[in-house]
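Please read these points with the model open.

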Amino acid sequence: MLSRFVRTMSSFTTRVIPVDPAQFSFKSKNTGEAIIRSTADEAAIDQAVQALRAGEAVGMPTETVYGLAANALSAEAVQKIFAAKNRPQDNPLIVHVSSLAMLEELLPNKTIPPQYIPVLDRFWPGALTIIVPSASIVPSAVTCGQPTVAVRFPSHPVARALIAKCGFPLAAPSANASGRPSPTLASHVYHDLQSRIPLVLDGGPCDVGVESTVLDAVRNPPAILRPGGVTYEDLKPLLPNLQVYQKHFTDKQLELAPTTPGMKYRHYSPDALVVLVEDTVPDFDARCAVELDALRQSHTIAKVGYLRTRSEASPDEADLSVAMGSSADQFAQALFRGLRSLDDQQVDVIFVQGISEEKEGMAVMNRLRKAASRIIAQ
């Protein structure tokens, strides 16, 4: 028998339920129809489906970060996402589907714009969100009144199976308190949202570690509005005129009324001050020492943390250093976990060693610039 959700005085007893992604497989690439080989995992999915059909929001793993999911076709359910996260009401949500057929139901004429076909053939399911015209069935709470909607088909087997079992698409921003570093472990979700949601499906650590790439190919020329796990280098061969927002162009109107998350507000910030040292700055340690002396003129700083590309010790043995890996994909996977780890150890400032913007590095630096209290470029 499925256990009941406990709700007391408008708060939940939040349960974290383990699921094993290895127990899930699918009948074809483009559908979410799942084969679940474990009765325990099937029961976990059923409990999440029960909550979602009742109009609640639940935490679910994806390959990018953990998402806070609710029925994307229910304005009332979607409002529970905003309430749980304390999310600004003008920050739109990404809708997650489990098949191309589910995507088509969200479009005004049920026809996928042709420019997306080769892109979806190559990168769906996966860490890519597309901007498409929105049908009237999508509540304005999801789109924030825009005529378009952001849609993704996740590759994570638990997310795919959950959406398919629900039978409706799920709106799912990152499952963190608004403005905090995104969650890449179920424990991060629990830390931020305990008592605000009934359950979190724990599918282990996220593989990509940063949110999906957002591509708008409805506009001309096509543009990456938010870099992510599918890189500019990946997409450029399919979209020769591809641009990147804030790298090749800016758009003040888009900033005021964004079509996708991550464009308008400061994001990803731990409690500690974050100082980003761009990769163009020589001698990371020497520059950090200078900046630390300057910070101590106006801040009380007892403990310092470092996110480094190398596994060297911090200059002061009392400080904490986290090695992020030398490659961009390793840094991306470890980014939010590293920020949260240092925050948990109550450092007062985090110095981050920046990396090149090639491949996943563009997404890493995008997130760090939004998280940073100060950016040192030279």
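Helices (H or I, at least four residues) and strands (E, at least two) are DSSP runs, numbered from the N terminus. The model is predicted, so local features need pLDDT of at least 70 and side-chain atom pairs count only at pLDDT 80 or more, while totals for chains, interfaces and linings use all residues. Residues are numbered from 1 along each chain as its sequence is written, and side-chain values use heavy atoms, with hydrogens and water left out.

1. Cis bond at Pro221. Pro221 sits in the loop between strand E13 (213-216) and strand E14 (223-226). The peptide bond joining Asn220 and Pro221 is cis, with omega about 0 degrees.

2. Cis bond at Pro125. The bond from Trp124 to Pro125 is cis, with omega near -10 degrees. Pro125 belongs to the loop between helix H4 (117-123) and strand E9 (128-133).

3. Positive phi. Ser195 is not glycine, yet its phi is positive, near 80 degrees. It lies in the loop between helix H7 (186-193) and strand E12 (199-202). For context, most residues other than glycine have a negative phi, and most peptide bonds are trans.

4. H1 against H6. Helix H1 (residues 39-53) packs on helix H6 (residues 157-166) at about 55 degrees, with the axes 10 Å apart. Axes are lines fitted to C-alpha atoms, for helices over the stretch in contact; angles run from 0 to 180 degrees between N-to-C directions. H1 and H6 are therefore oblique to each other (under 35 degrees counts as roughly parallel, over 145 as roughly antiparallel, 65 to 115 as roughly perpendicular, the rest as oblique). Their crossing is right-handed (the near helix is turned clockwise from the far one by less than a right angle; anticlockwise is left-handed).

5. The H1-H6 contact. H1 contributes Glu42, Ile45, Asp46, Ala48, Val49, Leu52 and Arg53, and H6 contributes Val158, Leu162, Lys165 and Cys166 (contact means heavy atoms within 4.5 Å). By class, 7 of these residues are nonpolar, none polar and 4 charged. Here Ala, Val, Leu, Ile, Met, Phe, Trp, Tyr, Cys and Pro count as nonpolar, Asp, Glu, Lys and Arg as charged, and the others, Gly among them, as polar.

6. H11 against H12. Helix H11 (residues 328-344) and helix H12 (residues 361-371) pack at about 30 degrees, with their axes 8 Å apart. The crossing is left-handed. Ala328, Phe331, Ala332, Leu335 and Phe336 of H11 meet Gly361, Val364, Arg367 and Leu368 of H12. That contact has 7 nonpolar, 1 polar and 1 charged residues.

7. Cavities. The whole structure holds 2 cavities of 30 Å³ or more. On a 1 Å grid over the protein atoms alone, a cavity is a set of points where a 1.4 Å probe fits but cannot get out; a pocket is an open set with protein on both sides within 12 Å along at least five of seven lines; lining residues have an atom within 4 Å of a point. Points are joined across faces, edges and corners, and a volume is the space filled by probe spheres set on them. The largest cavity has about 280 Å³. Its lining numbers 26 residues, with Pro173, Ser174, Glu211, Arg226 and Pro261 nearest its centre. They divide into 7 nonpolar, 13 polar and 6 charged.

8. Second largest pocket. Its volume is about 170 Å³. Lining residues include Ile131, Gln146, Asp216, Arg219 and Asp251. The lining has 4 nonpolar, 4 polar and 3 charged residues.
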